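Keep the structure open while you read and look up each residue as it comes along.

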Amino acid sequence: MTRNSAPEMMDVKRNFAIQLSSTRRGARLARLLTERQLDDWGVPSRGAAQIVAELASNAVLHGRVPGRDFRLRLKLLGDGTLRIEVTDARGDRVPRVRGPVTPDAESGRGLRIVAAFADRWGVDEGLVPAKTVWAELTPRHGDR
């Protein structure tokens with residue numbers, strides 16, 4: 001799913017952003033920082049942490065350019081929606097859900113997991129050569 005959005009027009013209540021190394025360690029740190037930040041904000045983190053883990057992993061595996069970091073941004077909007085953004089340096093590699101994945105496949109499930117947890121997700125083109133993959137979780141009953 002690719003859909004442009006207008007994050008600059010959103011009512012942002014809280015904002016967290018950090019640059020992380022495009023390594024497995026950076027991807028793991030993105031998940032841990034998400035859990036910590038959302039705990040500080042009093043926002044359930046289960047689904048959000050899983051989304052960040054998948055998007056950060058994709059940024060490291062498919063969006064990596066040597067010497068370039070990726071950026072994690074969390075925005076808690078005024079209506080309670082949590083927006084997760086992961087920006088990497090490979091705007092030429094737009095992610096999309098592929099065909100069926102076999103049970104023994106070692107990859108190909110990441111965006112399916114994002115779609116399962118998120119209410120909406122998409123990709124925004126950034127300043128060349130970057131792209132931002134985003135997901136939103138709206139307030140609802142139970143854990144995000």
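1. Start with a word you will need throughout: a residue is called buried when its relative accessible area is under 20%, and exposed when that area is over 50%. Keep in mind, too, that this is a predicted model. With that in hand, look at strand E3: seven of its seven residues are buried.

2. Now see which way the E3 residues point. In a regular strand the side chains alternate between the two faces of the sheet. In E3, Leu 82, Ile 84, Val 86 and Asp 88 point one way, Arg 83, Glu 85 and Thr 87 point the other way, and all are buried.

3. What does E3 pair with? One partner is E2, joined to E3 in the antiparallel sense over six bridges, with Leu 76 and Leu 82 as bridge partners. E2 and E3 make a hairpin with four residues between them, and in the turn Gly 80 has a positive phi of about 95°. Another partner is strand E5 (residues 131-137), which runs antiparallel to E3 and is joined to E3 by seven bridges. There, Thr 87 has Thr 132 as its bridge partner.

4. Ile 84 is worth a click. Leaving out residues up to four places away in sequence, its contacts include Ala 48, Ile 51, Val 52, Leu 55, Leu 72, Val 133 and Trp 134. Ile 84 is also among the residues with the most contacts inside the largest nonpolar core, a set of 29 residues; Trp 41, Ile 51, Leu 55, Phe 70 and Leu 72 are the others named there. The largest share of this core, seven residues, comes from H2.

5. On to helix H1 (residues 24-41). Its 18 residues should span 26 Å at 1.5 Å a residue, and the end C-alpha atoms are 26 Å apart, so the two agree. Seen down the axis, the buried residues of H1 fall within an arc of 100°, so they line one face of the helix. Those buried residues are Gly 26, Ala 27, Ala 30, Thr 34, Gln 37, Leu 38 and Trp 41, and they pack against E1, H2, E2 and E3. The face turned away from the buried side carries the exposed residues Arg 24, Arg 25, Arg 28, Arg 36, Asp 39 and Asp 40. Just after H1, Gly 42 takes a positive phi of about 75°.

6. Next, the charged pairs: the structure holds nine salt bridges. One of them joins Glu 35 and Arg 31 (3.3 Å, N to O), both in H1 and four residues apart, about one turn of the helix. Glu 35 is partly exposed at 28% relative accessibility, and Arg 31 is partly exposed at 28% as well.

7. Back to E3 for another one. Arg 83 and Glu 136 meet in a salt bridge (2.8 Å, N to O). Arg 83 lies in E3 and Glu 136 in E5, so this pair ties together parts that are 53 residues apart in sequence. Arg 83 is buried at 0% relative accessibility, and Glu 136 is buried at 5%. Both belong to a network of salt bridges that also includes Arg 73, Lys 75, Glu 85, Arg 120 and Asp 124.

8. Finally, find Val 65 in the loop between H2 and E2. Val 65 is partly exposed, at 24% relative accessible area. Its C-alpha atom is 7.1 Å from that of Arg 90, 25 residues away along the chain.

Conventions: Residues numbered from 1 in each chain as written. Predicted model: local features only at pLDDT ≥ 70, side-chain atom pairs only at ≥ 80, totals over all residues. Heavy atoms only, no water. Helix = DSSP H or I, 4+ residues; strand = E, 2+ residues; numbered from the N terminus. Expected span 1.5 Å × (residues − 1). Buried < 20%, exposed > 50% of the residue type's maximum accessible area, 1.4 Å probe, protein only. Arc of directions from axis to C-beta. Contact = heavy atoms within 4.5 Å. Pairing = 2+ DSSP bridges. Core = buried A, V, L, I, M, F, W, Y, C linked by side-chain atoms within 4.5 Å. Salt bridge = Lys/Arg side-chain N within 4 Å of Asp/Glu carboxyl O.
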